[in-house]
Amino acid sequence: MKLKKIASLALAGIMAVSMLAGCKDGSSSSEPTNPVTPVTGTAAIVNNELSNNEDNISFTDNSILTDLLANFYKENPIKVGTWTAGNAKLVPATDGKLWDAVMGLYDVDKANNIGDASNRILWLKSAGSKTYCDIYWINNDFVTKDDALRMVGQTMDNFTLPKDNYVKANASQNIQEQKATLDYTYTGSVAAIEAQSKGGTESVWVIAVTVTQTATNK
């Protein structure tokens, strides 16, 4: 009887160890190699920094752009040129592969870029509207997430967002009287993640903003 009891206890111990080993293997295989942490509440912080443009635009969180950034940096960990580029200031992202991914998201090609010969997208043309997009890096060893978003909000507040498009009433006679022909309205979005280097020793905030201008006839 005692031998049977000892055998039963031994068998139970072996099963418990096997279960623990199985759990450990499952959890380790599911962990991302280069974790990217979504940042929440981004739009509210950006909107709080708007003064000049608070009547013209309000930003919302862009989950689609957030997912794009997260997936991109999982596959493309940041390198030394990224985390040293923006220590305590916003630095526009210049990664051509990243911009190619963003252009794919907005279904545009490089021929539609306006105003910038670099890899960065400025205004993207589409039917009845155009969208400004920019992406910033900033080292999170120097700046907190909220402060980085405030800096982006201040940058957006310095944008000139015209409300109307004016043309000369009679160009042939050089009449200076002008009339508004289009009404402009704006919508904005923001996405932010924490992107890490390979191995996770360094990281930066990556913040993307879009401003879409829609024109309607008066």
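A polar contact is taken here as a pair of N or O atoms within 3.5 Å; within protein, one atom must be able to donate a hydrogen and the other to accept it, and residues adjacent in sequence count only if both atoms are side-chain atoms. The structure is a predicted model, in which local features need pLDDT of at least 70 and side-chain atom pairs count only at pLDDT 80 or more, while totals for chains, interfaces and linings use all residues. Residues are numbered from 1 along each chain as its sequence is written, and side-chain values use heavy atoms, with hydrogens and water left out.

Of the 218 residues in the chain, 38% are buried, where buried means under 20% relative accessible area, exposed means over 50%, and partly exposed lies in between (1.4 Å probe, protein chains only). Contact means heavy atoms within 4.5 Å. Among contacts between residues at least 6 apart in sequence, 69% join residues at least 24 apart.

Aspartate 157 is in helix H6, which spans residues 145-157. With a relative accessible area of 7%, aspartate 157 is buried. A polar atom of the aspartate 157 side chain lies 2.9 Å from the backbone nitrogen of serine 51. The backbone nitrogen of asparagine 53 likewise lies 2.9 Å from a polar atom of the side chain of aspartate 157. Apart from residues up to four places away in sequence, aspartate 157 touches Glu49, Leu50, Ser51, Asn52 and Asn53. The C-alpha atoms of aspartate 157 and asparagine 52 are 5.8 Å apart in space, although the two residues are 105 residues apart in sequence.

The strands S6 and S9 were examined next. Strand S6 (residues 129-139) is largely enclosed by the rest of the structure, because ten of its eleven residues are buried. Strand S9 is mostly covered, with eleven of its 15 residues buried. S6 and S9 (residues 203-217) pair in the antiparallel sense over eleven bridges; two strands are said to pair if DSSP finds at least two bridges between them. Within this pairing, lysine 130 has glutamine 213 of S9 as its bridge partner, and asparagine 139 stands opposite valine 204 in S9. S6 also runs antiparallel to strand S3 (residues 91-92), to which two bridges join it. Here proline 92 has tyrosine 136 of S6 as its bridge partner.

Threonine 210 lies in strand S9 and is buried, with a relative accessible area of 4%. Its side chain makes a polar contact of 2.5 Å with the side chain of serine 189. Residues up to four places away in sequence aside, threonine 210 touches Phe59, Leu65, Tyr106, Thr131, Tyr132, Cys133, Thr187, Gly188 and Ser189.

Serine 189 is placed in strand S8 (residues 175-196) and counts as buried because its relative accessibility is 8%. Besides the contact with threonine 210, the side chain of serine 189 makes a polar contact of 3.0 Å with the side chain of asparagine 62. When neighbours within four places in sequence are left aside, serine 189 is in contact with Phe59, Thr60, Asn62, Ala208, Val209 and Thr210.

Two packed helices are described by the angle between their axes and the distance between the axes. Helix H3 (residues 63-75) and helix H5 (residues 96-105) pack at an angle of about 145°, with axes 11 Å apart. Axes are lines fitted to C-alpha atoms, for helices over the stretch in contact, and angles run from 0 to 180 degrees between N-to-C directions. The H3 residues in this contact are Ile64, Leu65, Leu68, Leu69, Phe72 and Tyr73, and those of H5 are Lys97, Leu98, Ala101, Val102 and Leu105. The contact residues comprise ten nonpolar, no polar and one charged, where Ala, Val, Leu, Ile, Met, Phe, Trp, Tyr, Cys and Pro count as nonpolar, Asp, Glu, Lys and Arg as charged, and the others, Gly among them, as polar.

Isoleucine 78 is found in the loop between H3 and helix H4 (80-83) and is buried, with a relative accessible area of 5%. Isoleucine 78 and alanine 195 are 117 residues apart in sequence, and their C-alpha atoms are 6.8 Å apart in space. Neighbours within four places in sequence aside, the contacts of isoleucine 78 include Tyr73, Trp83, Ala195 and Val204.

How values were computed:
Helix = DSSP H or I, 4+ residues; strand = E, 2+ residues; numbered from the N terminus.
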